[in-house]
Amino acid sequence: MDAVTASTSNGQTPPRSGNAAKNRTCRNIIIHGYCKFEGKGCEYNHDAGKLGGIAQQSASPELGKSKLRVDSPVFLPGQPPDSMASTGTNANFGSLDHLAGTKVAGVQSYDPSYGYYDSNPYEIVTPPDVNGANRIGSSGGPGMDAQMMNPYYQHSHVDPYFYQHVTRNPGSIPMTVAQPLQYHLYIQSLPYVSNLHPNQKSINAFFMSDRLREELQCRNEAVLQSLDPSSPEAQRLPPELHVYHSFFPLEDLSRERSTKVFGFTTAVYKATSAVDGKPYLLRRIESFRLVNEAAMSGIEQWRKIRHANIVCVREAFTTKAFGDNSLVFVYDYHPLSSTLLEKHLSQSGHPMPPVPEKIIWSYVTQLASALKTIHAAGLAARVLEPSKILVTNKNRIRLNCCGIPDMITFDGTNRAQHYQQEDLLKFGQLILALAAGTLSAINGLPKSLEYIGRNISLDLKTLIAYLLGKPTQFKNIDDVITMIGPRILHEINSAHHYNDLLEADLGRELENGRIVRLLCKLGFINERPEFELDPHWSETGDRYLLKLFRDYVFHQVDENGNSVVDMAHVMACLNKLDAGVEEKIMLMSRDEQSCLIVSYKELKQCIENTFLELVR
């Protein structure tokens, strides 16, 4: 190819006279139909209209030559200095720092404001450092090679503890790190796509709602959170405790924690059980010494309670693994839960927007149901605090930390009836705080009742007054359930509607594994190694048809011999095969010597017959 390029030893095109170059048609126009250097330094003629007359201009020896001759002219752009000249295939393009300030003929200078040249629209590119510390690397990105810039590269390493290692600098541009799980890419259809006729459907109609998918993905991500074993936080935690390991703190342990509810400082962790491999929540009561072993017996009563609005108690034990005497309670783990205090109530003097009465009635119904179950078992909740009631889903609440007050205040006496009256009083205070939007409403009951009386119904005001009334032995949770009877029917109706919605979303995902099952069957059948030398398996009958169909779906090439990677073609073929339609396709052997016309229905029958023969 030396004659083609006609280049000198330093890679430059030999100089030609200006007039000869202008009269000569650019070889890029002849071969490709266009020249990307037109107007950027190429001196040859780019007039496509003159190409038709080349054959008649045989008088000119240059134009009389064949346009595919090896000595046809070709334009090569100006090269950098000799220090950057490539030698063979081992050219080093590792750094362009020494080219700063150098202008190459025909090439525009790099301007950071216009992004990176020849960038891949699907490639994750980190923005340049505002302090100018980054340099332009070989891949066109700032200080990163192609493997580092692409988190899906085969040999790239994604740091699972990135968010603990990164240093937050308010003056720098935030970096966007792509993770394999990109739940935020699920969006609703755009208006010009979603406004369809009644007989049309968008792709979103076949899958679960984006809101539910994102919520579930976020929960899964929270369950999989873990600490870097080398981090200071992990060093302060025990590697194993009882049957639990992989501790992850669910609250900031460095800030001051309240002792208002239990009288002791508590810490909350997520840990994995070595028994069943499931995550659980561990609440640790710090610096607590258990004096009476009989207090442990109360946990057995709480373990028997199973209710939809109570966080289940699993077990309790004492430990010195944290460097002190600690009492640990194990509960079910509900990822990404908040509390009523965080969601609805203000801890300062300024009230938050009042909670809609419809939501308050929903909370009242759920808490009344939970208290009914607890009181019927001869127990008392004693944790009706806004900070100890979890919001695990839309308007779905669960009573948390049950059993802790019973153990840390155990004195051997049975005072369940007294504590049940306290539950009703706390219940009324909680409803009052939700209606007023602030915890300070409990301090001035007359003014608070007058304030919320303008915005709530008479039924809710009557319920609050009953719960805040003087405790008596005749006052119980059954009276509360009688008062809220009509609201319970509305809550049941809403729960059934929500259940129908979830069932509809589940029905959309019911058959999303059809294609996977079909691919598994094809993978089991095609080219099995134990039948490699058996000509009766892969080269005859149904197996041969399926082998050709595999090539038709996955191994297509274009007219230039390039591989065709068309996901739409693959999905269309597999869906037609799964449905067994009557449409016919032509399958061609790899040597192009034989063609077979077969329908998807016949191919589906081939798969079923061959797979049944394989599993016998």
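Biologist: Are glutamate 286 and arginine 284 buried or exposed?

Modeller: In this predicted model, where buried means under 20% relative accessible area, both glutamate 286 and arginine 284 are buried. The two form a salt bridge, with their closest N and O atoms 3.6 Å apart, and salt bridges that share partners join Arg257, Arg284, Glu286 and Asp324 into one network.

Biologist: How many salt bridges does the structure hold, and which parts does the pair of aspartate 459 and arginine 487 tie together?

Modeller: The structure holds 19 salt bridges. One of them pairs aspartate 459 with arginine 487, the closest N and O atoms being 3.4 Å apart; because aspartate 459 lies in helix H15 (residues 458-467) and arginine 487 in helix H17 (residues 485-508), this pair ties together parts that are 28 residues apart in sequence. Aspartate 459 is partly exposed, at 46% relative accessible area, and arginine 487 is also partly exposed, at 29%.

Biologist: Where do aspartate 578 and arginine 514 lie?

Modeller: Their side chains meet in a salt bridge of 2.6 Å, N to O. Aspartate 578 belongs to helix H21 (residues 567-579) and arginine 514 to helix H18 (residues 514-525), so the pair ties together parts that are 64 residues apart in sequence. Aspartate 578 is partly exposed, with a relative accessible area of 23%, as is arginine 514, at 25%.

Biologist: Which residues make the nonpolar surface patch?

Modeller: Met586, Met588 and Ile597 make a nonpolar surface patch of about 320 Å². Isoleucine 597, in strand S11 (residues 595-599), has a relative accessible area of 66% and therefore counts as exposed, the cut-off being over 50%.

Note on methods:
Residues are numbered from 1 along each chain as its sequence is written. This is a predicted model: local features need pLDDT of at least 70, side-chain atom pairs count only at pLDDT 80 or more; totals for chains, interfaces and linings use all residues. Side-chain values use heavy atoms; hydrogens and water are left out. Patches are made of residues with over 30% relative accessible area and no salt bridge: like charges are joined within 9 Å, nonpolar side chains (Val, Leu, Ile, Met, Phe, Trp, Tyr) within 5 Å. Accessible areas come from the Shrake-Rupley method with a 1.4 Å probe; for residues, only the protein chains shown count as cover. A salt bridge is a side-chain nitrogen of Lys or Arg within 4 Å of a carboxyl oxygen of Asp or Glu. Helices (H or I, at least four residues) and strands (E, at least two) are DSSP runs, numbered from the N terminus. Buried means under 20% relative accessible area, exposed over 50%, partly exposed in between (1.4 Å probe, protein chains only).
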